[in-house]
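Student: I'm new to this one. Could you take a close look at one part with me and talk me through it?

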Amino acid sequence: MNLAIWLERAAAVSGGAPALCHGDAVVADYRGFADRAAPFAAALRERGVTPGDRVAVFAKNHPDYLVVMFGVWIAGAAAVPINAKLHAKEAAWIIGDAGAVLGVVTAELGAALAAEVQVPLVEIGGAEFIEMTSGAGMGSVPREPDDLCWLFYTSGTTGRPKGVRITHGMLMATSLAYPVDVDPVSAADAALYAAPMSHGAGIYAPIHVRVGAAHIVPRSGGFDADEVLALARGHGQVSMFMAPTMVRRLTDAAKAAGRRGEGIKTVVYGGGPMYLADIVEAVDWFGPRFVQIYGQGECPMAITALSRDEVADRSHPRWRERLGSVGRAQSVVEVAIGGPDGVLGPGETGEIMVKGLPVMPGYWRNEAATAKTLRDGWLMTGDVGRLDADGYLTLADRSKDVIISGGTNIYPREVEEVLMQHTGVHEVSVVGRPSAEWGEDVVAFVVASGAVDQRALDAFCLENIARFKRPKSYMFVDALPKNNYGKVLKTELRKRLAEG
Ligand code: AMP
């Protein structure tokens, strides 16, 4: 079954319902949405795009992003959404690796990309695009569950990104787990795209199409906390995906404006570690509007979830532990912890492994990487963590980030959690530095939010964690290096240390 059928059905039964909004303005109802996606599909076919071909999308968030995605799927092709923050040369590399036959772009990105690629580029909003999205449409091309739907390039904090093959079946599994494990959805809801549509936020589009909810794309095309707060107030019943750093900025902006998040139904957060102090503050301010998910491109958005009630609960004897976890396995997957000799028991720390419907069949044209990552039917996530007896999964770190000092494993996240509780610390990242004596030393990079020094932080650590875990040195910096999704680049920090 082709996922695009969900749009055809929504148009048939809720044709007049608002579908695509740009800021405050409704730009298309479901009939209008479908009546632009179907001609776009037909126009792609006329330009030689055949089922199974890849069509790249190098665009900022825009309501027509969804017209393009569904158009590509109706045509039986696969979309290759590319993070709009990438350099044109990086986008060109992805287009080449994917073997994309055509690209859809927004204006400025297209201008830079044109110099780098040979494939034809169609600009959203341009004359050709307008022509392609009007006229006669076509019905969706039949697809099998294993057919490629979305070629997702991992953000990659090291090396070249890899293309994850997301199939129609996987995306349906992720979508159908959403109302069961993350948040119930209805036609009265609105999905707001505060984060890149090329990533997790876009993965959540199909389920909202399925129920005939509205889709709101902020005018800024990016994340502006004040704009998000205003849009939510205007529309009401808004849900959105946010990276943890965005939640932090949302809380700061709402507090400054004296707003309590009116109109926000749900903020789904994930994609990186959320510090306990930040989520407690967010729930205190906004109330029970937060759900956490843990996923990765290889199992998009669908490994675990920590429900709204669990995120807001302060009465359970172990609520802190639970809030520091990423929740329990979603309905469509099995989660286990792997050690050197097989599956480990509760409380034991090892590599997180996942099996189930939303797990990728492999990377795009990269058998060596696939063989390393899919083993005995399990997806090896590269994340380290432990399960408790109730099935709550707590992430320690990426395996490569674990610090081994004097033969003992130190999980940077644990040290970061402690330092984040200090009022003088705004952001922190902990990494290992090669040491002749210990193998590695613990070093903390700190963005201070007030007057604080090494002595104060050391005293604070002594009060809160084992001595051997506390940083040997502190580096005070103005900002932490981050990738385009806001994830801290620990490799960059380690490089700085190596360079002295
Ligand atoms: P990506 O494939 O770019 O989406 O990155 C996925 C990685 O982000 C995972 O393998 C984890 O290391 C991290 N991640 C995702 N969700 C969470 C979460 N809720 N808490 C901590 N880390 C997360």
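Tutor: An axis here is a line fitted to C-alpha atoms, for helices over the stretch in contact, and angles run from 0 to 180 degrees between N-to-C directions. This is a predicted model, where local features need pLDDT of at least 70, side-chain atom pairs need 80 or more, and totals for chains, interfaces and linings use all residues. Residues are numbered from 1 along each chain as its sequence is written, and side-chain values use heavy atoms, leaving out hydrogens and water.

Let's look at helix α10 (residues 225–235), which packs against helix α11 (residues 244–257) at about 70 degrees, with the axes 9 Å apart. (Helices are DSSP runs of H or I, at least four residues, and strands are E runs of at least two, numbered from the N terminus.) That angle makes α10 roughly perpendicular to α11, a label for 65 to 115 degrees. On the α10 side, Ala225, Asp226, Val228 and Leu229 make the contact, meeting Arg249, Leu250, Ala253 and Ala254 of α11; contact means heavy atoms within 4.5 Å. By class, six of these residues are nonpolar, none polar and two charged.

Now for the ligand. A polar side-chain atom of Asp383 sits 2.6 Å from one of the ligand's oxygens, and an N or O atom in the side chain of Gln296 is 2.8 Å from a ligand oxygen. For Gln292, a side-chain N or O atom lies 3.0 Å from a ligand nitrogen. Each counts as a polar contact if the N or O pair is within 3.5 Å. Strand β13 gives the most to the shell around the ligand, five residues.

Notes
A polar contact is a pair of N or O atoms within 3.5 Å; within protein, one must be able to donate a hydrogen and the other to accept it, and residues adjacent in sequence count only if both atoms are side-chain atoms. Angles under 35 degrees count as roughly parallel, over 145 as roughly antiparallel, 65 to 115 as roughly perpendicular and the rest as oblique. Ala, Val, Leu, Ile, Met, Phe, Trp, Tyr, Cys and Pro count as nonpolar, Asp, Glu, Lys and Arg as charged, and the others, Gly among them, as polar.
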